[in-house]
Amino acid sequence: MGTVNYQLIPGPVTTEEKAQKKNDVKARSMLLMALPNEHLMTFNQYKDAKTLFAAIQTRFGGNEATKKTQKTLLKQMYENFSAPSTKSLDSIFNRLQKIVSQLAILGENISQEDLNLKFLRSLPSEWNTHVVVWRNKPDLDTMRFDDLYTNSR
C-alpha cells in the first residue's frame with residue numbers, strides 16, 4: 001500500500017509578503033473583471049496576476065490596428081457612459097469599472113478625477129442629492145474610484 005505525499009504550500013509570512021499577495025489578488029481580480037464573460041473560465045486557471053496578464057496579452061494582443069480600433073470603441077463607450085435608473089449602483093459601478101480596466105490594458109489611463117466625475121455624472125437623477133454632496137468633497141480629484149463607490153452606498 002503506497003503512501004500519499006501531501007505537500008503544503010506555505011502562505012505569505014512577512015508583512016511585505018502579505019501586502020504583495022494582497023496586491024497580486026487585487027490585480028488578478030481587476031484583470032479578470034476586464035475580460036468579456038465568455039473568456040472568464042479560460043483565464044481563471046492562471047493563479048497570479050503576472051501569468052494571467054501574459055496569457056491575456058498572448059490571446060488578445062492583436063496587431064496595432066486591432067488595438068487602435070478597440071481603444072477607440074472603448075473610449076466612445078466611456079465618453080457616452082450613462083446609467084438608466086433601472087440599474088443598481090453595483091451594476092453601474094461594475095460596468096464603468098470594466099470599461100476603464102479594458103482601456104488600461106490597452107495603455108489608456110483615465111485620471112482619478114475624471115473617472116470619479118464620470119461616475120457621478122452617470123448616476124440617475126434620483127441620486128442628485130447625494131451627487132451634490134460627493135462633488136463638493138475636497139479629495140474628489142484623488143479619491144480612489146472604489147472608495148468613492150463604497151462611500152456612495
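## Second largest pocket

In this predicted model, helix H3 (49-60), H4 and H5 each supply at least two residues of the lining of the second largest pocket. H4 gives the largest share of that lining, five residues. The volume of the second largest pocket is about 420 Å³. Its lining is made up of 16 residues, and those closest to the centre are Phe60, Gln70, Gln102, Ile105 and Leu106.

Sorted by class, the lining of the second largest pocket holds 11 nonpolar, four polar and one charged residues.

## Packing of H4 and H5

Two of the helices that line the second largest pocket, H4 and H5, also pack against each other. Helix H4 covers residues 64-79 and helix H5 covers residues 89-105; their axes come within 10 Å and cross at roughly 150°. Because of that angle, H4 is roughly antiparallel to H5. The crossing of the two helices is left-handed.

On the H4 side, the contact involves Lys71, Leu74, Lys75, Met77 and Tyr78, which meet Leu96, Ile99, Val100, Gln102 and Leu103 in H5. By class, this contact has seven nonpolar, one polar and two charged residues. Gln102 takes part in the contact with H4 and is also among the residues closest to the centre of the second largest pocket.

## Largest pocket

Of its 20 lining residues, Lys26, Met30, Gln97, Val100 and Ser101 are the closest to its centre. Helix H1 (15-34), H5, helix H6 (112-122) and helix H8 (145-151) each contribute at least two residues to the lining of the largest pocket. The class breakdown of this lining is 12 nonpolar, five polar and three charged residues.

## Packing of H5 and H6

H5 passes H6 in a right-handed crossing.

From H5, the residues Leu89, Ile92, Phe93, Leu96 and Val100 meet Leu115, Lys118, Phe119 and Ser122 in H6. This contact consists, by class, of seven nonpolar, one polar and one charged residues.

## Packing of H6 and H7

H6 also packs against helix H7 (residues 128-135), at an angle of about 160° and with the axes 9 Å apart. That angle makes H6 roughly antiparallel to H7. The crossing of H6 with H7 is left-handed.

The residues that meet are Leu117, Leu120 and Arg121 in H6 and Val131, Trp134 and Arg135 in H7. By class, the contact has four nonpolar, no polar and two charged residues.

Conventions:
Residues numbered from 1 in each chain as written. Predicted model: local features only at pLDDT ≥ 70, side-chain atom pairs only at ≥ 80, totals over all residues. Heavy atoms only, no water. Axes fitted to C-alpha atoms, helices over the stretch in contact; angles between N-to-C directions. Helix = DSSP H or I, 4+ residues; strand = E, 2+ residues; numbered from the N terminus. Parallel < 35°, antiparallel > 145°, perpendicular 65-115°, else oblique. Left-handed = near helix turned anticlockwise from the far one by under 90°. Contact = heavy atoms within 4.5 Å. Nonpolar A, V, L, I, M, F, W, Y, C, P; charged D, E, K, R; others polar. 1 Å grid on protein atoms, 1.4 Å probe; cavity = no way out; pocket = protein on both sides within 12 Å on 5 of 7 lines; lining within 4 Å. Points joined across faces, edges and corners; volume = space filled by probe spheres on them.
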